[in-house]
Every structure is written in C-alpha cells, then in structure tokens.
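Please look at the sequence and the model before reading on.

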Amino acid sequence: MVKKNKFLILRAHHLLCLQGFQGYGYDEPFTKNLSKIHKIFLKSKKLKLIFSNDLICKHCPFSTKANTKCFKKNSNVKYFDLKVIKILSLKPQTILSLSKVLQKVELKRRKLITLCKNCEWKSICLWFIKGTPSNAHSKI
Ligand code: SF4
C-alpha cells in the first residue's frame, strides 16, 4: 500500500469509493480496513492505479482467499477500473500525483456519476461529486 517510496496502490475504481467513504462497508473487518486505508488516502500525495485486487480487497468478503480475484456477483469491477482510467485519461501502473488526479475527478464528475449509477453504495458515497456529505448516512 504506502511503501517506502510513499505511494498508495489502488484498484482504479477505489479512487472513487475512497473519496466518498463515510464509514460504511460490507462487514466489520472490511470496514475497519477501509477506514485505515481511507486515512492513509487522505494523507497521500501519490498513487498508482491498478486493475487487480488491492489492500482494500484483501479484507473484503467478495475477494478470494489469496486476494487474486473479486467474485462479487453482477459487478464487473475490471470494467469500472478501465472506465475510471479512461474517463480521467490516466496512465495505469504509473505513479501519479493525487492532487492532479483529484482535479481531473472534479472536471469529469458528470461522466463519473454515470459510472456509479448501478452501485449499491451510491446514495451514501456520491456526496463528493454532488458537493456535500450526506449527514443522514454519516458514521464518521
Ligand atoms: S473484492 Fe471486489 S467487491 Fe471487494 S473491495 Fe475488491 S473490488 Fe470491491
């Protein structure tokens, strides 16, 4: 995750999930871990986006034991990863400036919101695209 050279390695679509995180998740181990990574994300300056399972997936009930694959039903996570990279015109597998990536998210928010349209968390997580956190759902 954040290694010696200080960059966060993230599955590409988790860039969006982390921005909208308000303390919710699939189960306790997952949410605890996500909360930890969210704190690191908020302090990070650089990141690398990948198309495979990351440390968020590691504690996910939908990850294989070896954390090599996501088996969540009806969820083509790789497609989301590719779309995020494409919409934001980013280079995968390279070290990117987080502030520059977030500027791009800001510019492409309309397109990104369509990508999240079928996500079960959208009512909780998309506040960062709409502008203000949803206090009704906030746990943090
Ligand atoms: S394993 Fe799948 S559902 Fe779980 S965090 Fe990773 S991408 Fe998301």
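How many residues has the largest nonpolar core, and which of them have the most contacts inside it? The core has 23 residues, and Leu-10, Leu-15 and Val-84 have the most contacts inside it. The model is predicted, so local features need pLDDT of at least 70 and side-chain atom pairs count only at pLDDT 80 or more, while totals for chains, interfaces and linings use all residues. Residues are numbered from 1 along each chain as its sequence is written.

**The nonpolar core**

- A nonpolar core is a set of buried Ala, Val, Leu, Ile, Met, Phe, Trp, Tyr and Cys residues joined through C-beta atoms within 7 Å; buried means that 20 or more other C-beta atoms, placed from the backbone, lie within 10 Å of the residue's own.
- Helix 1 supplies the largest share, four residues.
- Leu-10 touches Leu-15, Leu-47, Leu-49, Ile-50 and Asp-54, leaving aside residues up to four places away in sequence; contact requires C-beta atoms, placed from the backbone, within 7 Å.

**The sheet**

- Helices (H or I, at least four residues) and strands (E, at least two) are DSSP runs, numbered from the N terminus, and two strands pair if DSSP finds at least two bridges between them.
- Three strands make an open sheet of mixed pairing, in the order 1-2-3.
- Strand 1 and strand 3 are at the edges with a single partner strand each, so one side of each has no neighbour in the sheet.
- From one strand to the next, the twist averages 40 degrees, with axes fitted to C-alpha atoms and angles between N-to-C directions running from 0 to 180 degrees.
- Strand 1 (residues 8–11) is parallel to strand 2, with four bridges, and Leu-8 has Leu-47 as its bridge partner.
- Strand 2 and strand 3 (residues 95–97) are antiparallel and joined by three bridges; Leu-47 is partnered by Leu-96, and Lys-46 stands opposite Ser-97.
- Strand 2 (residues 46–50) has Leu-47 and Leu-49 on its covered face, with Lys-46, Lys-48 and Ile-50 on the uncovered one.

**The ligand**

- Among the residues around the ligand are Arg-11, Cys-57, Phe-62 and Lys-72; a residue is near a molecule if its C-beta atom, placed from the backbone, lies within 6 Å of it.
- The shell around the ligand has six nonpolar, two polar and two charged residues, where Ala, Val, Leu, Ile, Met, Phe, Trp, Tyr, Cys and Pro count as nonpolar, Asp, Glu, Lys and Arg as charged, and the others as polar.

Notes
A residue is buried if 20 or more other C-beta atoms lie within 10 Å of its own, exposed if 12 or fewer, and partly exposed in between; C-beta atoms are placed from the backbone. Two residues are in contact if their C-beta atoms, placed from the backbone, lie within 7 Å.
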